[in-house]
Amino acid sequence: MPFQNTLEFAQSLDREDKLHKYRDEFHFPKVDGKQVIYFTGNSLGLQPKRAKKFVDGIMTDWQELAVEGHFHGEKPWWSYHEMLAAPLAKVVGAKTEEVTVMNTLTVNLHLLMVSFYRPTSKRYKIICEEKAFPSDQYMFQSQVKFHGYEIDDAIIEIKKRDGEKHWRTEDIIAKINEVGDELALVLIGGVNYYTGQVFDMESITKAGKSVGAFVGWDLAHAAGNIELKLHDWDVDFAAWCSYKYMNSGPGNASGVFINQRYLGKTDIPRFEGWWGTKKESRFLMKPEFEPMENADAWQISNLPVLSLAPYLASLEMFEEVGMSALIDKRNKIVSYLEFILHEIDAEVDSSFEIITPIERGCQLSVFLHGQGRPLFDYLMKNGVITDWREPNVIRLAPAPFYCSFEDMYRFGQILKRGILEGVS
Ligand SMILES: *Cc1c(COP(=O)(O)O)cnc(C)c1O
């Protein structure tokens, strides 16, 4: 059925949408007393209403049980993180034992580089995408310096071709083959944060491994957004934050994937702590480190359970809905948003350019030719929460868990009004 840019049509899509009821499971901020249209689930997902109950559960156990809460209570803290592994493994296409939750994203990438960036005088180069997320760039640079290599020599950024807005898989693979036996690591953002481009992780992983490099993925914008098959793709490692599409709360714990092949090993370089040693003997307080048989071997400290609580609440919802239903809705709502943008563009004779390629997840990045920051400010003032990236890009991510088709229609109307009022 062709789309229509009308309220009735948008509402009819909402009526057909099996996930529509989940909208009520989230807290929406308000602007001028009205629920906002929220496009920044790629930056900070909305709060699941049930998250508070999970946090309160820990506060109550702490209040009533104190130290006994580690082993008693409904959800004992000492094994709390284990409850997250199974549902999370489904989200990223992994075996349960390959997944753990700990620390935060950049910290985990550093820790994973301890295991998977092991440069030698011959093989020390890293391939990443040009203009990677800044935190990732700082991480690469500091790792390379730490190991005593030159940044310009060791870090190879894959460029886009002149005049093109997306990376080509063939260019990435060609570069991997060219660097060949000097390549130690390929580490790229699975979904680019700026353009929303989804990389062909399967082919790139295969290429990297075929020249003998380790291949890891930063899945900050991918987890909970796109279909992932980390185990089947034979990825070595990956990490993601949970506060974007995974709706776990600001600055919250990161998820980690470590390929089964590396589990249960004592001879892998790794920074270790007591939470990675075998549970059975952990409290014997022995000097020998005996790694957990699963990805928990990378755990260092006992976990911040207060921050795992909202993550667990959110995962309960991913478990109920499943990634494939989320992806179905995502495809439809993103297509509808794209349609609305084209309609408005034609009506007001403006010129937006969607710079997101067809290999996409939830995000459309829109370049506002001619219009700029004032239009963005107008949207925000009128209850459309989006984000602005220099030089002239707004990123729109209609998270399928809680955005409605009616939101897309209403956004179009506000956008049109903004342009006609000449705020740009
Ligand atoms: C959001 C994001 C981060 C954030 O890292 P933190 O350590 O959680 O602050 C890192 N890398 C990418 C690609 C991101 O999108």
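**Pockets, cavities and contacts**

Tutor: The second largest pocket holds about 300 Å³ of space. A pocket is an open set of points on a 1 Å grid over the protein atoms alone, with protein on both sides within 12 Å along at least five of seven lines, whereas a cavity is a set of points where a 1.4 Å probe fits but cannot get out; lining residues have an atom within 4 Å of a point. Grid points are joined across faces, edges and corners, and a volume is the space filled by probe spheres set on the points. The model is predicted: local features need pLDDT of at least 70, side-chain atom pairs count only at pLDDT 80 or more, and totals for chains, interfaces and linings use all residues. Residues are numbered from 1 along each chain as its sequence is written, and side-chain values use heavy atoms, with hydrogens and water left out.

Student: Between which domains does the second largest pocket lie, and why?

Tutor: This pocket is lined by 14 residues, and Lys-131, Lys-160, Tyr-194, Thr-195 and Ile-355 lie nearest its centre. Domain bounds come from an automatic or database domain assignment. Both domains give residues to the lining, so the second largest pocket lies between domain 1 (7-35 + 322-420) and domain 2 (53-321).

Student: How many residues of each class line the second largest pocket?

Tutor: Ala, Val, Leu, Ile, Met, Phe, Trp, Tyr, Cys and Pro count as nonpolar, Asp, Glu, Lys and Arg as charged, and the others, Gly among them, as polar. The lining of the second largest pocket divides into seven nonpolar, two polar and five charged residues.

Student: Which element gives the largest share of the lining of the largest pocket?

Tutor: The largest pocket has a volume of about 360 Å³. Of its 18 lining residues, Lys-34, Ile-37, Asn-382, Arg-410 and Ile-414 lie nearest the centre. The largest share, seven residues, comes from α13.

Student: Where does the largest cavity lie, and why?

Tutor: The largest cavity has about 50 Å³ of space. Its lining consists of Gly-224, Tyr-245, Asn-247, Phe-318, Leu-326, Ala-399, Pro-400 and Phe-401, and by class these are six nonpolar, two polar and no charged residues. Because both domains give residues to this lining, the largest cavity lies between domain 1 (7-35 + 322-420) and domain 2 (53-321).

Student: How many charged residues line the second largest cavity?

Tutor: About 30 Å³ of space lies in the second largest cavity. Trp-78, His-81, Glu-82, Trp-275, Lys-279, Arg-282, Met-292 and Asp-296 line this cavity. By class, the lining has three nonpolar residues, one polar residue and, as charged residues, four.

Student: How many disulfides does a search of the whole structure find?

Tutor: A disulfide is here a pair of cysteine sulfur atoms within 2.5 Å. The closest cysteine sulfur to that of Cys-128 belongs to Cys-241, at 18 Å, too far for a bond. For Cys-362 the closest is in Cys-403, at 7.1 Å, also too far for a bond. The number of disulfides found in the whole structure is zero.

Student: Is Cys-128 buried or exposed?

Tutor: Buried means under 20% relative accessible area, exposed over 50%, and partly exposed in between (1.4 Å probe, protein chains only). The relative accessibility of Cys-128 is 2%, so Cys-128 counts as buried.

Student: What kind of aromatic pair do Phe-3 and Phe-9 form?

Tutor: Rings of Phe, Tyr and Trp (its six-membered ring) pair if their centres lie within 6.5 Å; planes under 30 degrees apart count as stacked, over 60 as edge-to-face and the rest as tilted. By this rule there are 29 aromatic pairs. The ring centres of Phe-3 and Phe-9 are 6.2 Å apart and their planes stand at 70 degrees, so the pair is edge-to-face.

Student: How many residues apart are Phe-214 and Tyr-262?

Tutor: Phe-214 and Tyr-262 also form an edge-to-face pair, with 6.1 Å from centre to centre and 65 degrees between the planes. Both Phe-214 and Tyr-262 are buried. Phe-214 is in strand β10 (residues 214-218) and Tyr-262 in the loop between β12 (254-258) and α9 (279-282), so the pair links distant parts of the chain, with a separation of 48 residues.

Terms used: Helix = DSSP H or I, 4+ residues; strand = E, 2+ residues; numbered from the N terminus.
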